[in-house]
Amino acid sequence: MKLLNYQTLKESGYDGYILENAPEKVLQFGEGNFLRAFVNYWFDVSNEKAGWNGKCVLVQPIAPGLAKLINEQEGLYTLYLRGRENGEKVDRKRVISSVSRCLNPYEKADFDAMMEVAVSDELEYVVSNTTEAGIVYDPACRLDDTPASSFPGKLTQVLYRRWQAGRSGLVILSCELIDNNGRELFKCVNQYVNQWGLEDGFKKYVNEACTFCSTLVDRIVPGRVKDADEVAKMEQANGYHDELIDVGEIFGVWNIEGPDWLEEKLPFKKAGVNCPVVPDVTPYKKRKVRILNGAHTGFVLGAYLAGFDIVRDCMQDDTVRGFMNKMLHEEVIPTLPLDKKDLTDFASAVQDRFNNPFVDHELMSISLNSTSKWRARNMPSFLEYVEKTGQLPRCLTASFAFYIAFFSNDIQALNDKGLVCRRPRGNEYVCSDDRWALEFYYEHRGDSAADLVHAVMTNQQMWGQDLTQVPGFEAAVVSALEKVRGEGVLSVMKELV
């Protein structure tokens with residue numbers, strides 16, 4: 001079977017949207033599954049729906065990468081977006097043609113090619129996803145490195161060459177999963193400007209002519225299809241061999257923090273895609289953490305004790321799904337600052353996302369580091385609800401009892417792998433968390449429900465405060481924990497639903 005490229009695609013009879021030639025408007029640091037299923041997808045749709053007429057030049061952030069494969073396929077790859085939308089199963093296929101080529105800047109010819117793109121009149125944007133460790137200032141980087149080892153160093157080299165050529169400023173869109181990603185990148189670039197002793201005119205260019213945007217990305221991207229038989233079926237249906245097949249969930253949103261004019265400059269609004277420009281991404285991050293991530297942490301530990309193993313099965317159970325929805329809509333959403341319809345729409349989408357028929361998301365994988373997760377994802381909603389209403393949020397209170405139950409259910413041992421407990425159905429499971437947290441639960445393995453809850457709530461290393469000071473919370477959690485141990489998690493959930 002022939003390798004995917006433009007000629008092969010024509011021969012295959014593919015009748016979807018394809019744009020073979022267009023100006024290179026984006027320099028993108030990162031060529032992995034996520035960016036190709038997210039950023040390059042949005043630009044591809046913008047070519048079709050908004051006439052954007054642009055291509056993305058990809059750059060490998062590190063030496064080993066996908067440049068050879070991407071170039072062999074002339075930038076083309078097949079993207080499958082799979083999941084549920086408005087309750088309906090969706091499996092969409094699209095050949096992405098918004099990528100022109102991929103450069104490996106650790107090869108001299110490709111470094112020079114990157115610098116040629118830097119001075120192009122057609123270049124408008126820089127996009128990056130170089131992992132959480134990518135936006136770092138490394139003082140060992142030098143201006144004459146080919147290339148600088150850090151991503152901010154490479155970006156400074158690109159911007160400096162562009163400024164020297166008298167070209168206009170760029171919009172920089174950071175997708176790394178750190179807080180204030182655009183601002184942190186801006187800070188690193190300015191550190192290189194100062195370290196390398198670059199001209200005041202260039203510093204003004206970076207600070208005034210270029211626009212560094214923090215962004216919030218949200219799409220689950222499993223990436224490559226691992227099952228060889230499934231890949232074979234895909235390729236048989238497609239009529240070509242594709243080394244770069246990518247898979248993402250159907251849901252996706254890209255919140256971009258920027259000035260008002262940026263919404264008109266970017267093609268996304270005209271294309272009608274879910275990439276809004278907002279004055280501050282912070283509320284949207286809070287929305288994601290409190291609703292999407294908080295939902296996971298709020299129900300999965302209890303659901304695992306109740307006998308469930310994957311998220312999708314939880315969403316197909318009326319009791320677990322009802323518990324999650326009541327927690328989100330009645331206890332979490334009232335504490336958040338965004339428009340209520342925006343929040344309820346996002347929460348409703350969570351149910352579809354968790355019910356994805358193409359993803360077997362294991363509850364035990366979500367359970368990792370649940371102590372810090374409950375503190376970051378659920379505790380703020382809990383405390384703000386109490387402050388706002390003067391009452392305990394009953395589902396969030398129960399979720400705290402589920403958390404304690406998960407780490408204390410019939411403890412068997414503490415070993416190098418973690419804290420070994422036993423589920424009510426009889427099988428052992430291993431809790432993975434900070435070692436001190438696991439040691440705490442092991443030391444308290446003989447406690448009564450009341451003594452254990454008191455010890456947990458007064459552990460300030462866990463929560464940064466004494467949770468027994470919240471009126472009624474300790475007694476409510478003791479009651480819920482005793483009921484979990486005596487009647488099971490589903491009994492507690494049913495009472496609340």
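Contact means heavy atoms within 4.5 Å. Keep that in mind for the packing stops below.

**Before you start**

This is a predicted model, in which local features need pLDDT of at least 70, side-chain atom pairs count only at pLDDT 80 or more, and totals for chains, interfaces and linings use all residues. Residues are numbered from 1 along each chain as its sequence is written, and side-chain values use heavy atoms, with hydrogens and water left out.

**Whole chain**

Show everything as a cartoon. The chain has 23 helices and 14 strands. Both are DSSP runs numbered from the N terminus: helices are H or I with at least four residues, strands are E with at least two. The radius of gyration is 25 Å, close to the 23 Å that the globule rule gives for 497 residues, so the chain is as compact as a globular protein of that length. That radius is taken over C-alpha atoms, and the rule is 2.2 Å times the number of residues to the power 0.38. Along the principal axes, the C-alpha atoms fill a box of roughly 70 × 55 × 45 Å.

Now colour by burial. Buried means under 20% relative accessible area, exposed over 50%, and partly exposed in between (1.4 Å probe, protein chains only). Of the 497 residues, 54% count as buried. Among contacts with a separation of 6 or more, 74% join residues 24 or more positions apart.

**Stop 1: α22**

Select residues 473–487. This is helix α22, with 15 residues. From first C-alpha to last it reaches 21 Å, close to the 21 Å expected at 1.5 Å a residue. The expected span is 1.5 Å times one less than the number of residues. Show side chains for F473, V477, V478, A480, L481 and V484: these are the buried residues of α22. What covers them? The cover includes α17 (370–389), α18 (394–406), α20 (449–457) and α23 (489–496). Step on to G488, which follows α22 and has a positive phi near 105°.

**Stop 2: α8**

Select residues 200–209, helix α8. F202, Y205 and V206 are buried here. Look down the axis: the buried residues of α8 fall within an arc of 95°, so they line one face of the helix. The arc is that of the directions from the helix axis to the C-beta atoms. The face away from the buried side carries the exposed residues D200, K204 and E208.

**Stop 3: two cysteines**

Select C421 and C431. How far is the sulfur of C421 from the closest cysteine sulfur? The distance is 4.0 Å, to C431, too far for a bond. C431 is in no disulfide either. A disulfide is a pair of cysteine sulfur atoms within 2.5 Å. The whole structure has zero disulfides. C421 counts as buried at 0% relative accessibility, and C431 counts as buried at 0% too.

**Stop 4: backbone exceptions**

Most residues other than glycine have a negative phi, and most peptide bonds are trans.

- Select T146 and P147. The peptide bond between them is cis, with omega near 5°. P147 lies in the loop between β6 (125–128) and α6.
- Select N53. Its phi is positive, about 60°, although N53 is not a glycine. N53 sits in the loop between α3 (39–50) and β2 (55–59). N53 is partly exposed, at 36% relative accessibility.
- Select N180. Its phi is positive, about 50°, and N180 is not a glycine. N180 sits in the loop between β7 (171–174) and α7. At 30% relative accessibility, N180 is partly exposed.
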